[in-house]
Amino acid sequence: MAGPWPGPSTRQWQRNPCHVQWQCSPQWAVWVAEADTALTRTQRHYREGAAELELGDGFFREQSRPARDLSVLLAADQACGVGQERGLRWLDLMAGCGIRALRWGLEAAGRCAFSPEIWVNDADPDRSAVLKSNMKRLEQKGCPLHLFAQSAERLLTRAWLDGDRFDLIDLDAFGSPSALIQPALKALQPEGVLFLASTDGRSPTGHDRSGAIRRLGAAARVHPASWELALRHQIGFVARQAWMLGHGLEPLLSFSDGRTFRTAVRLLPHHAEAELNSLGLLARCDVCGNQQVQSLLRLRAWEACLCPSGSEHLLIHGPLWLGPLQGLDFLRRLSDASVPVAGATGRLLHRLLADSGSPARVWSTAELASRLGLSGPPSVSALVQALRDAGQLASVSGVMGGQIRTNADLQMLLQLCSTVGGEGP
Ligand SMILES: C[S@@+](CC[C@H](N)C(=O)[O-])C[C@H]1O[C@@H](n2cnc3c(N)ncnc32)[C@H](O)[C@@H]1O
Ligand SMILES: [Zn+2]
């Protein structure tokens, strides 16, 4: 892994902060020369946070604003922490039009004691003109900037070979990012943060079981809390890769809209024993809906569920992450950072703050109601209160609506659910 940060005075960007370093691969040099003419093709102007930019004609989703806001919050948090002691290096690995890097530079970089290096990359050469144009504002601010048009695999491997380590990598992938996890972790500083997106929903939600074996090395089955389990598969996969490299992992935040599965994790210098205990299996009975979890470290036979036939209908998920999905102290710090975010982002943070993601068993209230023959699902908050009154851990799931997280067993859950009654969603 990386040695200690060499210190401000040895970095080129510290000596010459106004210089923008257009890092050239041969392809990059070509399109940089052609960039200004290419930009005239499509102009889509867009404003978000402090950024004003052209979107070009490539992929962009306005609805992903919460993910971009969180990316800026992650950068701002680093800026106010370790960014007060040394220079930071941030990588927008699949940048598209470069909106995340631009917002980092405009909304987070100013909080650092030393100007952070911002690396911006997109493999699609057709994005290069718009990327270059959008980064001009950072150039004018004297922000140390490195632009690339390389495959992520190549850039990460090159950075690792050259000893360049990042404090924050935003990996906003199309499809499954699994093949990039190990190279990305190797290019991270210990204590660095990886903000990861996957649009491969089919494998981790059990709709493509062979895909889950190939991309996650895990068994994935259909489950009512499918988004949550997809996030647990994702974190479990990243944790195993981190452990293989001799590191530990701390999940910072996890969320999904059912289309994209996003997780931010911190790479720790060493693993803690409790982390290993967080990798395990979840079993759900296909008939009675009972759920059980077991750590791989303490794996034994499954207990009989509520079915007369015992546990023969169990569908096993995993290995996956059974520990918390969020760091609540960390989220509190993010919510207090004075970075303006969209209303949807504020609401997301609020939901996540109310749910650490532990314990791992989550129940759909609609499913509980249908098992009891109720006219509609019970009030989620009333059921949480009833469970807490009964001495159980319980919270409203911050990941999927209408779901409840608890360590109560199914029998107690059904009993309290019928007491609370079906009041509609
Ligand atoms: C989801 S979009 C990025 C959106 C952008 N981060 C945002 O917030 O608007 C994914 C981008 O990754 C780029 N891409 C796809 N595969 C890549 C690879 N292997 N290496 C680098 N970039 C890649 C695509 O060209 C595309 O622009
Ligand atoms: Zn059963």
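**Close-up views**

**Surroundings of S397.** S397 is in contact (heavy atoms within 4.5 Å) with E228, D355, V362, Q403, I404 and R405, leaving aside its neighbours within four places in sequence. The model is predicted: local features need pLDDT of at least 70 and side-chain atom pairs pLDDT 80 or more, while totals for chains, interfaces and linings use all residues. Residues are numbered from 1 along each chain as its sequence is written, chains are lettered from A and ligands numbered from 1 in the order in which they are written, and side-chain values use heavy atoms, with hydrogens and water left out. S397 sits in the loop between β14 (394-396) and β15 (403-406); helices (H or I, at least four residues) and strands (E, at least two) are DSSP runs numbered from the N terminus. S397 counts as buried because its relative accessibility is 5% (buried is under 20% relative accessible area, exposed over 50%, partly exposed in between; 1.4 Å probe, protein chains only). A polar atom of the S397 side chain lies 3.0 Å from the backbone nitrogen of V399. A polar contact is a pair of N or O atoms within 3.5 Å; within protein, one must be able to donate a hydrogen and the other to accept it, and residues adjacent in sequence count only if both atoms are side-chain atoms.

Ideal angles for four tetrahedral donors are 109.5 degrees.

**Surroundings of ligand 1.** Ligand 1 is surrounded by 18 residues (a heavy atom within 4 Å), of which the closest are M94, R100, D122, A152 and D172. A nitrogen atom of the ligand is 3.1 Å from a polar backbone atom of M94, and a nitrogen atom of the ligand is 2.8 Å from a polar backbone atom of A152. The side chain of R100 places an N or O atom 2.8 Å from an oxygen atom of ligand 1. On its own, ligand 1 has 610 Å² of accessible area, and the protein covers 86% of that. Accessible areas come from the Shrake-Rupley method with a 1.4 Å probe; for residues, only the protein chains shown count as cover.

**Packing of helix α8.** Helix α8 (residues 178-186) has S178, L180, I181, P183, A184 and L185 as its buried residues. These residues pack against the helices α7 (152-162), α9 (209-216) and α10 (226-244), and against the strands β6 (166-172), β7 (188-198) and β9 (261-268).

S198 belongs to strand β7 and is buried, with a relative accessible area of 4%. Its side chain reaches the backbone nitrogen of D200 at 3.1 Å. Beyond its neighbours within four places in sequence, S198 is in contact with G175, S176, P177, Q234, R259, T260 and F261. E191 is also placed in β7. Although not a glycine, E191 has a positive phi of about 80°. E191 counts as partly exposed because its relative accessibility is 43%.

**Surroundings of R61.** R61 lies in the loop between β2 (51-54) and α3 (65-80). R61 counts as buried, at 17% relative accessibility. Not counting residues up to four places away in sequence, R61 touches R68, D257 and R259.

The bond from G318 to P319 is cis, with omega near 5°, and P319 is in strand β12. The bond from S358 to P359 is cis as well, with omega near 0°. P359 is in the loop between α13 (343-353) and β13 (362-364).
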